[in-house]
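Subject: Structure for your reading

Dear colleague,

Please find below the structure that I am handing over to you.

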Amino acid sequence: MAVTNHKFLLAARPVGMPKRTDWTYAEEPVAEPKEGELLVKLSYISLDPAMRIWIKDVPSYMPPVGIGEVMRALGVGVVTASRNPRFAVGDHVSGLFGVQEYALTDGKGVTKVDVRLAPLPKYLSVLGMPGMTAYFGLLDTGQPKAGETVVVSAAAGAVGALVGQIAKIKNCRVVGIAGGAEKCRYIVSELGFDAAIDYKSEDVSRSLRKHCPNGIDLYFDNVGGSILDAALAQIRLRARIVICGAISQYNNTGPIAGPSSYLSLLMNRATMKGTLVLDYIDRYPQAGAEMAGWMAAGKLKSREDIVDGLATFPDTLLKLFKGENSGKLMLKV
Ligand SMILES: NC(=O)c1ccc[n+]([C@@H]2O[C@H](COP(=O)([O-])OP(=O)(O)OC[C@H]3O[C@@H](n4cnc5c(N)ncnc54)[C@H](OP(=O)(O)O)[C@@H]3O)[C@@H](O)[C@H]2O)c1
């Protein structure tokens, strides 16, 4: 019996927050794999802030998704047909499969995952791209030392929650910045952060002074904008600022707001450096093994926000930009 694939294509380049009309929901018959190909039935699709970057027509670390193309997305699923010797029917795999139910691929960039070690959603979360971003962004780019004060923004999110916990494992003092009382309670009571700042109800500069009386040694920035500025103004000598993302700026229709406190880098002989998870692909297995060990020891937790239904994609994606996701956001197909 013919199987039908449903998928989301980029229909228009969004201006500001993506709208329903920026997407086309399409269907097509699923094709048979040709020699060297495999067919993957998606189980979960990762929704990431980077999607907003990928649909802009600007140079980035990847070419933009073209108009009429399937929206780019990471996903995990199961192989349902294979003419590729590396993969067998029934294998669980992760890769850049797109926002669709079935993906036909030549296997490049596809990796097998072991569902006996962890449930599939964890491979889009702590054992997947956000986990690797937190691990390498903090440890390699940020170089935290025991006893230092680490501040992280979007601290209850997929990357931020892991950054804070890994910094605790490395014996740092950790302050998280997040939106709302529930997220602040979560990172302190459940994840063991030393303090939380609710940027929606508090004066961030004043709260940073309170919780970081000696200044900030390492700021892991996920949001950019005024929070980056507030953190920069309170760094210590030889501080490191890790630029991981700037979600507050991704839907801007005007210029990106740059930090006015950047001379603090000069006064404090500090460094501000970008980090990109893709630079560490060769080292993912080493990081994954160490993170799995911390999970087994109860030192590293993650929560996943799983929304049912591929068809909800346009609305569900917006949860990231409204702060409505609790943990790693993904679609269950
Ligand atoms: N460099 C890399 O290789 C790499 C890889 C993965 C992700 N990233 C970046 O890491 C950041 C976090 O990604 P994630 O996947 O972990 O997402 P996430 O934190 O799970 O979700 C995004 C969160 O951002 C916060 N947010 C949204 N709009 C905001 C605003 N205007 N001001 C302040 N906070 C805002 C919201 O939390 P609140 O409720 O707390 O506001 C929201 O829940 C993003 O900037 C992303 O682009 C970078």
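I begin with a surface feature. Please keep in mind throughout that this is a predicted model.

Tyr-262 is located in the loop that runs between β12 (235–243) and α7 (263–267). With a relative accessibility of 49%, Tyr-262 counts as partly exposed, since exposed means over 50%. Together with Leu-263, Leu-266 and Met-267, Tyr-262 makes a nonpolar surface patch of about 440 Å².

The interior comes next. In soluble globular proteins, nonpolar side chains tend to be buried together. Here the largest nonpolar core has 44 residues, and the members that touch the most others are Tyr-135, Leu-138, Ile-166, Ile-187 and Met-291. Among the elements that give two or more residues to this core are the helices α2 (129–142), α3 (158–169), α4 (181–190) and α8 (284–296), and the strands β8 (149–153), β9 (173–178) and β11 (216–221). Another core, of 33 residues, lies apart from it and includes Leu-10, Trp-23, Ile-45 and Leu-47.

Beyond its neighbours within four places in sequence, Met-291 is in contact with Val-126, Leu-127, Gly-131, Tyr-135, Ile-166 and Leu-300.

Nine of the 12 residues are buried, so α3 is largely enclosed by the rest of the structure. The buried residues include Val-159, Leu-162, Val-163 and Ile-166, and also Gln-165. Among the elements that cover them are α2, β8, β9, β11 and α8. After α3 comes Asn-171, which has a positive phi, near 65°.

Helix α6 (residues 225–232) is likewise mostly covered, with seven of its eight residues buried. Asp-229 is one of these buried residues, as are Ile-227 and Leu-228.

Thr-275 sits in the loop between β13 (271–274) and α8. Because its relative accessible area is 13%, Thr-275 is buried. Leaving out residues up to four places away in sequence, Thr-275 touches Gly-137, Thr-141, Val-242, Ile-243, Cys-244 and Tyr-280. Val-110, in the loop between β6 (102–105) and β7 (111–112), is buried as well, at a relative accessible area of 3%. The residues that Val-110 touches include Arg-86, Phe-87, Val-93 and Phe-97.

Finally, I turn to charged pairs. The structure holds 18 salt bridges. One of them joins the side chains of Lys-112 and Asp-91, at 3.6 Å from N to O. Lys-112 belongs to strand β7 and Asp-91 to the loop between β4 (75–82) and β5 (92–95), so this pair ties together parts that are 21 residues apart in sequence.

In another salt bridge, the side chains of Arg-240 and Glu-148 meet at 2.5 Å, N to O. This pair links distant parts of the chain, 92 residues apart: Arg-240 is in strand β12, and Glu-148 is in the loop between α2 and β8. Arg-240 counts as buried at 11% relative accessibility, and Glu-148 is buried with a relative accessible area of 12%.

Lys-108 and Asp-106 also form a salt bridge, with their closest N and O atoms 3.3 Å apart. In this pair Lys-108 is exposed, at 70% relative accessibility, while Asp-106 is partly exposed, at 39%. Lastly, a network of salt bridges links Glu-182, Arg-185, Glu-190 and Arg-303.

A colleague

Terms used: Residues are numbered from 1 along each chain as its sequence is written. This is a predicted model: local features need pLDDT of at least 70, side-chain atom pairs count only at pLDDT 80 or more; totals for chains, interfaces and linings use all residues. Side-chain values use heavy atoms; hydrogens and water are left out. A nonpolar core is a set of buried Ala, Val, Leu, Ile, Met, Phe, Trp, Tyr and Cys residues joined through side-chain atoms within 4.5 Å. Buried means under 20% relative accessible area, exposed over 50%, partly exposed in between (1.4 Å probe, protein chains only). Helices (H or I, at least four residues) and strands (E, at least two) are DSSP runs, numbered from the N terminus. Contact means heavy atoms within 4.5 Å. Patches are made of residues with over 30% relative accessible area and no salt bridge: like charges are joined within 9 Å, nonpolar side chains (Val, Leu, Ile, Met, Phe, Trp, Tyr) within 5 Å. Accessible areas come from the Shrake-Rupley method with a 1.4 Å probe; for residues, only the protein chains shown count as cover. A salt bridge is a side-chain nitrogen of Lys or Arg within 4 Å of a carboxyl oxygen of Asp or Glu.
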